[in-house]
Each structure stands twice: as C-alpha cells, then as structure tokens.
Amino acid sequence: MVPKLAHALIIALAGLVVVPSCNSDDGGALGDVKSLVFLQRPKRNEMGDIFQYTSYRPGGRIVELSPPTADGKLRVLCCDNIPGFEKVDISGYDLSFDATQMVFAGKLDGNQHYGLFVLTLADGKVEQLRTDPQRDYVSPIFVPGNKIMFTTTAVVEPGAPQFRDEYERGVTLQLGIINSDGTGEELGPRNLSHRVFPTLLSDGRVMITQWDHLGQMNAGHLHIIRPDMTSLREAFGKESTGITNSYLKAREISPGRVIAIGSSRDRTIQSGTLIDIRLGKPSTKDGVVSAETDAAEANASYKIYSANVPLGREPSSPTVGRYYDAFPLNAKEFPDLLVSWSDGTVESETLGAAGLSANFGIYLYDTKAQVRKPIWDDPEMWDLFARPLQSRTAPPEIPAAAANGIDNAAFMIGSINVYSSSIAKFDAGSVYGVRVMEGFSSEEGFPRNFGSTMFEGHAQLGISKVQNDNSWLAMVPPNVPIHLQAIDKFGMSLQNEPVWFSGKPGEASVCGGCHEPRDRSQIPNPGVTDAFVVGPTQMMPHTPRAARQSTTYTRDGIIGVPWDLALQPIFNDKCVSCHNGVAGPANPSYTITDPATGASATWVFDLRGGPVNLAVGDFMMDGYSASYLSLAGPDPEAIERAKVMISGNFKVYMRPTDARGSEVIRKLNPVLQFPEQNAGVRAFATSPHSASAGFTELSPNEFYRMILAADMGANFYSRENKPQ
Amino acid sequence: MNSMIRSFVVAALLATSVAPAWAGKGGSAGQIKSAVASGSVDAIIAEIERAESLMCSECIDVMTNLLDHSRYEVREAAGWWFAKRPSLRLMMIDQMVSDLGSGTGVSVRNAADFLGSVRAVDKLGALTAAYDRGVSAEARLAIVRAAGEIGSRSGNALLLKGLADADAGVRTMAVASWRDMSGQAGAASVVALLSDTDAGVRAQAAATVGGLRELSGRARLETLVVSDPEATVRRNAAWALGELGQKESAAALDAASGDASPLVRGVAKAARRSLR
C-alpha cells in the first residue's frame, strides 16, 4: 500500500477529528514553507520509558516532503543507496542554521551503537563523526560556533562506569558537545540519572529534560544550561509549576516560551500531551507572545493544547491519542504547530495485547481550535520531528564561562547568603554550615541498591562553615553529582536540597542563597563575601573516587557511613543488652497484615547485627541486619502506598535526610558538634536516653555517625562496605 | 531452570516469605501479570520497575518465571527485581548455580544472565566451571556477558577464556566486556584479536584497545585502518588511533582520511587532528 492511499484509509477508518488537508497556497501557517523534512522510523512497540535510547528497527530514513501537503512528493534525503546504511535506524536529527546540513543519530545495525552523522543536503553525502563506537550518542543538535551538542552514555570521568538510573538499572545519558568536524569532543558533568532531549534556545543556551531523583523526588523536569555545559538552572516542573510527571522534547516558540510533551515516565511510547510553557511573565508585541521577562519557576505558567490526552500512563482514547513531538510555526497566543500524532491508546500494554503499534503521522495543528490537518502518514512508519526545510537565525554564541580562578581543576560552589531561601525558614544564627555530599549509583559494584530506602549512595565531602555575612564557599570534585544540606551546630540537617547537581572543572556556581527566591535578585554586602575572603573549604576536589571513603569514623574523618562498620559497633557496645529482639517494653513490635490474604508478619525491635533470621519475621526487608531493619525500616515510599494493615508499634526510627526529625536521634539527644564538640551541650531539651537506660553515653563522634547516617539517606551500604 | 526445580524454588521462597501486597511505586501483581499477558516487553519492564518495592507471593512466582523469558531485556529486569531483595537473591543464586552445573544450554544461559543481573561476584567460579563444561555457544555468551555485568576484574580470567572462544559472538562479547571491568588497566590481551578472522570481533577489539589506550595495539590498528575490508573495522581503528594519540599514526590516518566509506573518512580526519 502506498503511503498516500494508506494515509487516506487510516484517516477514514479512524474517524479522526480532522479537516481537509492544507495545501501550499492556502496562505495558512505553512504558506511560505516550500518543503518539510521529517524522520521516518519503522513502527514498533518497544520504546521503553522516556529516557531510553536503544530501540532499533532497521529502515529509518530522513525524508523531504515538497510541497508540504498531503499530495506533496516525498523524497528520501538519507540514507538510501549509501553503502553501510542498509540497516540503519535513525532516532533523531537536527537541521543546521543555514539549512544546508543535517546531523542525525543513527545505528547501522543491531550490533552497533548509535553514532552521529552529518548529511550535506546539496550532494547527499554523509560522514560519521568521531565518537566512541562502544557508547551511544543520540539527540544531536547544532549549537552556535560550529558545534553539535548531544546526549551520550560515554563517561567524562576516566575509568569510572556510567551512572545507572534511579532504579539502578538503565545506563544513563549525559550531555556532551563536539565540533561539527568531529574533533574536540567534550563530555559534560554528570547527573545521577538521565539528561535527554537537548534543544537550542534563542539566547544561545540549551534546554534539556533532566530526571531528578533523590528520595521522594522522581520526575523529569526542564532545565537550562549553557552550551559549555555549565550554569545549569531549573526551568519548569518543580516548585508546584508542574502538571504531569515529565516534560520532554521541548522546542522554543519564542524567547521564554516552549512547546513540550508532557507525559508519564513510561508506557506512553515517549508521547503525551502538548504543553505551551511560559517560563516568565508573558508579553505580546506585534502578535508575538514571549515570556522571557522575570523568567523563574515562581512566575512560570502553562497551557495545555490537547485537553483530553491523558497526563498519566493510562491508555488514551480513540481520536484523542498522544503526541510524540511538536514544532512551532509561529508565536501567536495560540501557535500553529507541526505535530507527530498517533490515534488510539498509544500505551504499550494495550498495544501489545492487540498486536499493534502506535502510528505517528505528521499533522498541522491549530492549537486554538484544537484541530489537526493531516499532512503525511505512512502506516508502516512513525513519521516524526517534522519541521520546515528552511534556514533560521543562529543564536549568539555564548563564550565559555570564566574559570573560577582559584582552582581550575575543581568545581567551586557557594552561596552569598544561606538564609535567603524560598523553601526554608531558618532562625537567625541557626545555620552552622553547609554539608556537601557526593552521590553515586550502584555501578561501582553494589548489589543494585544501598539499603531499603530510595536513596543513592552517599559520601560526605565536607562541611563549609557559614561566615559572618552568611556566605559560604567550597571546592568539590568536578563531574560528580552532589547535593547540599544546611546544618546546625549539632551537625543535623535543617534543610535538605532534594536534587543532585554537578559542575565541570573550573566552573563556579555561587547561588544567592539556599534555594533563594528565583524571581528577585540577591544583593551581597558591599565588596566580596567573607567566604571569598576566607577562601573556599577544600572538600577533596582532587581525591580519586575510590579514595573518597572513611579511614576513621570521627566527625572530621567520616565520609561514608557503612552501617555494619560504623554504627553496629555502637549498638553492640551500648544497645543490644536491651534491644535484642525479645518482645517487651524495650523492644516494641508491630504486625503487618495483608487484608486480602490474611498473611501476616511480626517484627520485634532489635539492634543486633548480622543477617536477619528469616524465620523470625522477615516480611520484605530481607537481607540486612536486624539493627538496620529496626531503625531504617521498610521503604517509606512503599509504606505510604502499601495496601496493608499495620498494627502495633510501627515506626521508622531513622528518617532519611532528616536526622533532626528521627526518633532515634531525638531519643539519644546528640551533643554539640560545631565549632567544637562539647558533650555538655545537648540538641534537645529532653533527657537523653542514656540517662534513663543507664548505658555509657555515645561519644561525640558516635553521635555524629548516627546523624550522618540519617542525613545521608539511612543507607546500609557505602563505599566502605560494598560487597566487592 | 527446569519446571520441577522452578516449582520447588518458588515454593521455598513462598515458605520463607510472608505475603503482604506491598505496593511500592504503584505496582501490583495484577499489573505485572497483565503486562506479561500483553506480550509487550515495554510494558513488562515498566511493571517490573514499578514493582521495585513490591512483595507478594504472586510477584515472586511471576518474576521467577520471567527469569526464563525469551528476551534478555526481560530476564535482566527480572533479575534486577531479585537483586533488590537480598535474601531472595541469595536463594535464587543457589538455584542458578545448580543450573550452571547441570542445566541445558538455555537454562545455563538464563542462570548466567541472572547471576550477572544480580552481580553475584562470588559466583564467578561457578560461571567459569560452567563455561569449561562445554555448554552451548549461546550459554557461553551469556556466561561471558555475566562476567561483564558483574564488572569485577576478578572476572578477567573468565573473559580471557571468552577471548579465545571458538564462537565469534562470544569473542565479541568478551572483547566489549573487557573494557568496562572496574579498574581495568589495559587491553594487551585484546590486541591479538585485532587480527581475528571475524570482522565484528576486530571492530570491537579496535574500540576496546582505543578505549583503554593500549599502546601495544598501535601498529596493528594502523594496518587495519588502511587495509581492513570492513568499513566498521577501519572506522573503529581510526577512532582508536585518535585515542592513542601517537604521532606515528599520522600517515595511516592521512591515508584513511581519503577512505571511500562515509563511516571512515570523517573519523580518520578528526583522529588525525587529535594526535600529539
């Protein structure tokens, strides 16, 4: 069946809400467009979640449709009749600013990885760029300065394996950039999970989708980064601006305004609803609506242009379907879009059960009337990423960020005033310093988890004291995911930053505050901050990854907190004589019952080490020590969502990233840690547990171990006790 | 794993695990079953991930069966689910080690994939013994793949066997895995495979030698980049020479810059510019 006939048949059968197709002289949104280019991929039902990039079916091609109408002529631009490309699949492409070249991500056969190729349109010649043949490179875009940005599984840190995603499963994609002649490949600092779908903005920066994960945080948000892969900042999706789980494939409509796909993380074939996102305050000039003024998440807003498309992972409805991508043709209040759309459920399970695949075709979409005009739909192919084949204005080239000037092999971080915050309210004088923690996933050899909580591996890099003017500054390892906590003088977190960030060697990232209000400026005191005068706290900026682990477990020596090595000795010496798993006043118990089956399990508080005896009552948290299961408990996220009945004295005594709110810490009542340890000063007004129970009090260093264990996610494993 | 053993394992797991419907991240046994019934690998993996914290008798049964799924991606994801449950992981490891010792090709393949997915570093010996038992090429490939997934350099000895395997697919897997072993220090053992009779092996060997900057492979790479009949081998050799960065490779890369293949010439030109 030829595509055009198939297209007509599909439209007729599906009963879509469509109007007759546009033509080249209708003066509409495509009136001055002579041709479109788009990608065709053989249809499939295996794309995976929104971050997956390995899907492969031979037969991908880039085509031109001229004129851009349903009766236009389709011409293959790449890669018919090119030796070596007979089995190619193409996952994404971009058009150069002068519309003379395309860069695409192609996989030549099932045994190879996705690489980058440049197609010259005038002669149809293709050249592969020099990328690592054992790593994937996808989602290339041209950026000013004859460069190409992409995402890749290649690793910036020599000898280190690539991070795994939030499930400790998928190998993550990270950002990189390369000259358009294939030289000068540079890999960016890494997120602890994926970074995908870069898109160029008119100010020369790049917007990406970043998977943010740390504990309860689990979503794909839009971020903006410079082309040199520095100065990452949040753009949309957090701070209550979000409407769905993930935002992807953003394209700029006008300055401060993008069209993106909003969807669930998985099962929706990387497609979803159409969202017009305004990053700042909208304004209109000459009919162009932009939103670059006061761009901040606090000022962001959005419009949904596909009202009935599900925001979650559930199957969609006939005639509603889902959108794979969108390209804005203008910047009206209601912009005209080129979209890829598929009718039907567009959900992998229902498609699989029916033996079907989604069928994405190209449409012109009127966002005001919410009407699709069909342009092209090959029923055997996914027709994707359509755009006019025409030149565009190149954004200004943003020069590389100035180096921090203090240590250009390290990443400098800090704040002007740590008390400036839109998410936390600190009492005056309450913040002693800022704790910086490194994150890593299980790729270093861990058994694909770090404990029963949802937190990745942690290592404390150091604590930077807040200076008299409330500033702080630190030098940390580059290319390493880190997150921050404002801590009090007892070493306990007052505010936990729930996302990871990282910087490249020489980068400086000095914020206004501790997540300062993003819709206003932060004014430092005259002159430089005290932290600059004193100099940055050195936090192992040049210490190799494998060496970033504890040799002692003192306040100043501890890095990771291996449960069995750092904490269990405390329990053995001071706790297990009472807390020994024998039910009684010292050892409360609880029972979990499944109301559906009546099955139940009972757990008795027990601070002994060694593996848990399953016969006693292992109900799901198998494998760890009794002390760990008693204090860290089952995954709090699982508890929240569990459809089970819990009776008795159920508690999670150690709350991840919240030592101050953890019952075990409050009961022990820790002593002063900073600036000097002082066993005579307690954190809470209550009597310490040692006084009533009569055990030898914990030393200040032991208190700090307990606090750090909680504040770093209540994990069992750290580098110090990983199994291999 | 045969069905009788399978049944025993499931029964044993159930006997030692109570069965609350623990629904972490919104998963459920019903949703997993529904996904399995649909036949959609995409949906199955999504539901396995969503069941990260889920514990129920039905889940164990379903996940155990998925360890024998025909697609590697599903077997790997099911193994990951067990890796999240240390005691279940250990019990299943014991059964898989048993399969390694006596199973058929497919069951050995599945057992090896499981041990790789749960990173059973202490079972490298069992994997090696199974390899030496003369199992099928498919099983040997899985064994080598498992060593790579485990990623410990203590698996190098097993990979060395894979490098010398009679099957090209196994050799290819061994070469690719060699590069990503934790702390891998060099690729001298891979250099010989730059002369392998199979083009796929040569291509992977070139990439591994370049990725690990194994200077002893330079001369052979210079030969490959201008004379290998396969474009992917010439391309990977060009990339690798750029990684080695030795000025002695200039002439070879200059010649390769005029290669007729679009896969090679651009890579060679860029590699030429990266020489010291």
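A: Helices are DSSP runs of H or I with at least four residues, strands are runs of E with at least two, and both are numbered from the N terminus. A residue is buried with 20 or more other C-beta atoms within 10 Å of its own, exposed with 12 or fewer, and partly exposed in between, the C-beta atoms being placed from the backbone. This is a predicted model, in which local features need pLDDT of at least 70 and side-chain atom pairs count only at pLDDT 80 or more, while totals for chains, interfaces and linings use all residues. Residues are numbered from 1 along each chain as its sequence is written, and chains are lettered from A and ligands numbered from 1 in the order written.

Q: Which residues of helix H2 of chain B are buried?

A: Think of the helical repeat. An α-helix has 3.6 residues a turn, so residues three or four places apart point the same way. In H2(B), residues 29-38, the buried ones are B:Ala29, B:Ile32, B:Ala35, B:Val36 and B:Ser38. Just past H2(B), B:Gly39 has a positive phi of about 80°.

Q: How many helices and strands does chain B have?

A: Chain B has 17 helices and zero strands. Of its 276 residues, 62% are buried. Sequence separation is the next thing to read. Take contacts (C-beta atoms, placed from the backbone, within 7 Å) in chain B between residues at least 6 apart; 67% of them join residues at least 24 apart.

Q: At what angle do helix H7 and helix H9 of chain B pack?

A: H7(B), residues 105-117, and H9(B), residues 137-150, pack at about 5° with axes 8 Å apart (lines fitted to C-alpha atoms over the stretch in contact, angles from 0 to 180 degrees between N-to-C directions). H7(B) and H9(B) are therefore roughly parallel (under 35 degrees; over 145 is roughly antiparallel, 65 to 115 roughly perpendicular, the rest oblique). Residues in the contact include B:Val108, B:Ala112 and B:Leu115 of H7(B) and B:Ala139, B:Ala142 and B:Ile143 of H9(B). By class, the contact has eight nonpolar, three polar and five charged residues.

Q: At what angle do helix H4 and helix H10 of chain A pack?

A: H4(A), residues 563-574, meets H10(A), residues 700-711, at about 130°, with the axes 10 Å apart. That makes the pair oblique. H4(A) supplies A:Trp563, A:Ala566, A:Leu567 and A:Ile570 to the contact, and H10(A) supplies A:Glu702, A:Arg705, A:Met706 and A:Ala709. Six of these residues are nonpolar, none polar and two charged.

Q: Into which domains is chain A divided?

A: Bounds here come from an automatic or database domain assignment. Chain A has domain 1 (25-388), domain 2 (411-547) and domain 3 (563-721). The C-alpha centres of domains 1 and 3 lie 46 Å apart.

Q: Is A:Asp132 buried or exposed?

A: Count C-beta neighbours. A:Asp132 has 24 others within 10 Å and is buried. A:Asp132 sits in the loop between strands S7 (126-128) and S8 (137-143) of chain A. Setting aside neighbours within four places in sequence, A:Asp132 contacts A:Ala154 and B:Gly211. By comparison, A:Arg666 in H8(A), residues 663-668, has 17 such neighbours and counts as partly exposed.

Q: Which peptide bonds are cis?

A: Read omega. A:Cys78 to A:Cys79 is cis, with omega near 15°. A:Phe674 and A:Pro675 are also joined by a cis bond, with omega about 0°. A:Pro675 lies in the loop between strands S38 (671-672) and S39 (678-682) of chain A.

Q: What is phi of A:Thr657?

A: A:Thr657 has phi near 60°, positive though the residue is not glycine. With 25 C-beta neighbours inside 10 Å, A:Thr657 is buried. A:Arg448, also not a glycine, has a positive phi of about 65°.

Methods: Two residues are in contact if their C-beta atoms, placed from the backbone, lie within 7 Å. Ala, Val, Leu, Ile, Met, Phe, Trp, Tyr, Cys and Pro count as nonpolar, Asp, Glu, Lys and Arg as charged, and the others, Gly among them, as polar.
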